[in-house]
Amino acid sequence: MKERQDRLEEACELIHKLLTAERFVDFEGKYYSLKQAPFAPKGVKRKIPVMVGGTGPKRTLRTLAMYGDIMNAICGPEDLKRHWRILESHCEAVGRDPSEIKRSVHVPMRIVRDDAEAERIRRGNTWTMIGSPQYVIDRCAAFIEAGVDEFCLQSIQQKPDVYAELNEEIFSAFD
């Protein structure tokens with residue numbers, strides 16, 4: 001686990017350097033090295049954001065504070081608030097404004113009209129957005145209240161009618 005965290009932190013540092021350098025990057029780390037490496041093309045209007053997924057309080061959130069632009073977590077709204085407080089303390093320690101970091105969650109979203117079936121699919125994870133349209137809307141609202149800027153949805157069938165249903169019954173509630 002330590003090596004994995006070390007590699008993540010070094011990779012994020014390297015990616016940050018590549019995305020922000022004016023021309024070429026020299027980098028010599030324990031795991032990665034580059035000599036006169038360009039990163040092109042750059043983002044047209046702004047720097048390409050670095051998303052760091054995970055909520056490890058000691059290493060992952062510290063790495064995010066140092067090099068990331070988007071926090072991506074798999075958790076409920078209350079846990080997200082707790083992780084955000086930890087991230088804010090890491091930001092303070094490295095001299096970073098936490099408002100520069102977007103908050104996103106990676107959660108399943110599905111309309112399941114049978115309450116018993118939805119509960120079975122959720123497997124006790126009441127924060128997942130699986131259930132009746134109102135259940136899903138209420139979960140979305142709880143995340144938004146917790147400060148979520150964007151959702152990365154998982155477990156969605158790749159069918160146009162599924163997206164149309166979500167758009168009509170869920171997304172439209174937040175217009």
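The following dialogue examines how terms are applied to this predicted model.

Biologist: How many helices and strands does the protein have, and how are they assigned?

Modeller: The protein has 6 helices and 7 strands. Helices (H or I, at least four residues) and strands (E, at least two) are DSSP runs, numbered from the N terminus. Along the sequence, the pattern reads α-β-β-β-α-β-α-β-α-β-α-β-α.

Biologist: Why is the pair of Trp127 and Phe143 called edge-to-face?

Modeller: The structure holds 3 aromatic pairs. In the pair of Trp127 and Phe143, the rings are 6.5 Å apart, centre to centre, with 85° between the planes. Rings of Phe, Tyr and Trp (its six-membered ring) pair if their centres lie within 6.5 Å; planes under 30 degrees apart count as stacked, over 60 as edge-to-face and the rest as tilted. The value of 85° is over 60, and therefore the pair is edge-to-face. Ring pairs also link Trp127, Phe143 and Phe151 into a cluster.

Biologist: What makes Phe143 a buried residue?

Modeller: Phe143 has a relative accessible area of 0%. Buried means under 20% relative accessible area, exposed over 50%, and partly exposed in between (1.4 Å probe, protein chains only), so Phe143 is buried. Buried residues make up 37% of the 175 residues in the protein.

Biologist: How do you know that a charge sits over the ring of Tyr135?

Modeller: The charged end of Arg122 sits over that ring of Tyr135, 4.1 Å from its centre. The rule asks for NZ of Lys or CZ of Arg within 6 Å of the ring centre and within 35 degrees of the ring normal. Arg103 likewise lies over the face of Trp84, at 3.7 Å from the ring centre.

Biologist: Why is the contact of Arg82 and Asp79 called a salt bridge?

Modeller: The side chains of Arg82 and Asp79 meet at 3.2 Å, N to O. A salt bridge is a side-chain nitrogen of Lys or Arg within 4 Å of a carboxyl oxygen of Asp or Glu, so this pair qualifies. Both residues lie in helix H3 (residues 77–94), 3 residues apart, about one turn of the helix. Arg82 is partly exposed at 37% relative accessibility, and Asp79 is partly exposed at 34%.

Biologist: What makes Lys102 and Glu150 a tie between separate parts of the chain?

Modeller: Their side chains form a salt bridge (3.6 Å, N to O). Lys102 lies in strand S5 (residues 102–111) and Glu150 in strand S7 (residues 150–154), so the pair ties together parts that are 48 residues apart in sequence.

Biologist: Which residue forms a salt bridge with Arg113, and where do the partners lie?

Modeller: Glu169 forms a salt bridge with Arg113, the closest N and O atoms being 2.7 Å apart. Glu169 is in helix H6 (residues 160–169) and Arg113 is in the loop between S5 and H4, 56 residues apart. Elsewhere, salt bridges that share partners join Lys2, Asp6, Glu9, Arg59 and Arg62 into one network. By this rule the count comes to 15 salt bridges.

Note on methods. Residues numbered from 1 in each chain as written. Predicted model: local features only at pLDDT ≥ 70, side-chain atom pairs only at ≥ 80, totals over all residues. Heavy atoms only, no water.
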